Amino acid sequence: MLWRKLLVPLTSLLLLLTASAGAGAAAASTGSAAGASTEAAAADYGAPGPYATAVEVGVVTTLYYPRDIATSDRRHPVIVWGNGTFAFPVVYRDLLLHWASQGFIVAAANTPQSNLGISMRAGIDLLTRRNADPGSPFHDRVDLEHIGASGHSQGGAAAIVVGADPRIDTILPIQPGPLADIDDVHVPALLLAGQKDSIVFPFLVKSFYNDADHIPAIYGELRGADHLTVVGDPGPFAAPTTAWFNAHLMGDQTARAQFFGAGCGICTDSGTWSDVRRNSLANR
């Protein structure tokens with residue numbers, strides 16, 4: 001199909017131009033009903049977390065993590081990340097550091113071609129070795145029982161691919177490209193689209209959601225967001241992605257209420273979301 005032929009080169013060009021210019025300021029509204037309790041809870045997840053952060057750039061994986069992890073009194077859940085086409089982790093640095101400030105270890109694949117998910121899985125393997133190494137600052141500080149997968153564009157498709165790995169507990173594809181099969185995923189999914197995305201059109205993300213009738217799945221379309229809103233300053237993507245991972249990897253019930261139950265926060269926040277859908281397994 002024509003759109004598949006155009007998707008990769010267009011994404012590549014736009015991401016490279018935006019990354020070099022340091023662009024990516026939020027293009028979408030974060031909501032106007034300031035007094036609503038659900039929106040206040042969401043805004044908290046968009047604020048910087050309590051942890052100072054550090055970055056370690058490796059050959060295959062870049063790690064974003066709480067700086068004082070060696071002396072931490074807890075084990076930290078993991079998020080593996082896949083980049084968009086021809087992009088690198090530095091393009092998404094603000095979002096990945098935001099997650100690290102919330103207490104997550106982010107293992108970002110360095111590859112600009114992440115669709116197969118090989119380098120994302122390598123991030124889990126790396127942290128497994130570091131967790132077992134008495135000489136590593138990560139020794140016994142990695143929560144390998146709670147791992148999520150996320151990514152943008154081609155990396156969003158990779159997050160779906162990696163979602164078939166039995167070590168993964170949840171997936172959060174952001175504007176995922178088409179080359180993935182969500183039928184192989186057996187964990188909860190939050191599928192994010194941008195209302196004004198003209199590269200990965202919202203209907204393409206909805207097609208993944210419509211096919212995900214075997215898992216708890218939520219489709220969220222961010223009002224006003226285009227394909228590059230998440231690049232640089234993640235803007236409206238910061239709060240819901242953090243809340244989703246807090247709910248599924250940290251057991252945060254306040255965060256869970258943003259997505260599940262009768263009082264679902266994102267379901268009533270029309271300032272931030274232009275479309276929200278929950279399938280029967282998530283609508284509980």
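## Two loop residues with positive phi

Asp140 sits in the loop between α4 and β5. Its phi is positive, about 60°, although Asp140 is not a glycine. Asp140 is partly exposed, with a relative accessible area of 32%. Here buried means under 20% relative accessible area, exposed means over 50%, and partly exposed lies in between (1.4 Å probe, protein chains only). Helices (H or I, at least four residues) and strands (E, at least two) are DSSP runs, numbered from the N terminus.

Phe86 is in the loop between β3 and α3. Phe86 also has a positive phi, near 65°, and is a residue other than glycine. Its relative accessible area is 39%, so Phe86 is partly exposed.

## The model and its make-up

This is a predicted model: local features need pLDDT of at least 70, side-chain atom pairs count only at pLDDT 80 or more, and totals for chains, interfaces and linings use all residues. Residues are numbered from 1 along each chain as its sequence is written, and side-chain values use heavy atoms, with hydrogens and water left out.

The protein has nine helices and nine strands. It has 284 residues, and buried residues make up 55% of them.

Strands of a sheet pair through backbone hydrogen bonds, either parallel or antiparallel. In this model, two strands count as paired if DSSP finds at least two bridges between them.

β1 and strand β2 (residues 61-66) pair in the antiparallel sense, over five bridges. Glu56 stands opposite Leu63 in β2.

## Helices across the sheet

## A covered helix

Is helix α5 mostly covered or mostly open? Helix α5 (residues 154-162) is mostly covered, with eight of its nine residues buried. Among the buried residues are Gln154, Gly155, Gly156, Ile160 and Val162. Ala157, Ala158 and Ala159 are also buried in α5.

## The aromatic cluster

A search of the whole structure finds nine aromatic pairs. Rings of Phe, Tyr and Trp (its six-membered ring) pair if their centres lie within 6.5 Å; planes under 30 degrees apart count as stacked, over 60 as edge-to-face and the rest as tilted. One of the pairs is Trp81 with Trp99: the ring centres are 5.8 Å apart and the planes lie at 65°, so the pair is edge-to-face. This pair links distant parts of the chain. Trp81 is in strand β3 (residues 76-82) and Trp99 is in helix α3 (residues 93-101), 18 residues apart. Trp81 and Trp99 are both buried.

Trp99 also forms an edge-to-face pair with Phe245, at 5.4 Å centre to centre and 85° between the planes. Trp99 lies in helix α3 and Phe245 in helix α7 (residues 238-249), so this pair ties together parts 146 residues apart in sequence. Trp99 has a relative accessible area of 0% and is buried. Phe245 is at 0% too, and so counts as buried. Trp81, Tyr92, Trp99, Phe104 and Phe245 form one aromatic cluster.

## Side-chain contacts elsewhere

His152 lies in strand β5 (residues 142-152). With a relative accessible area of 0%, His152 is buried. Its side chain makes a polar contact of 3.2 Å with the side chain of Gln175. A polar contact is a pair of N or O atoms within 3.5 Å; within protein, one must be able to donate a hydrogen and the other to accept it, and residues adjacent in sequence count only if both atoms are side-chain atoms.

Arg256 has its charged end over the ring of Phe260, 4.3 Å from the ring centre. A charge sits over a ring if NZ of Lys or CZ of Arg is within 6 Å of the ring centre and within 35 degrees of the ring normal.
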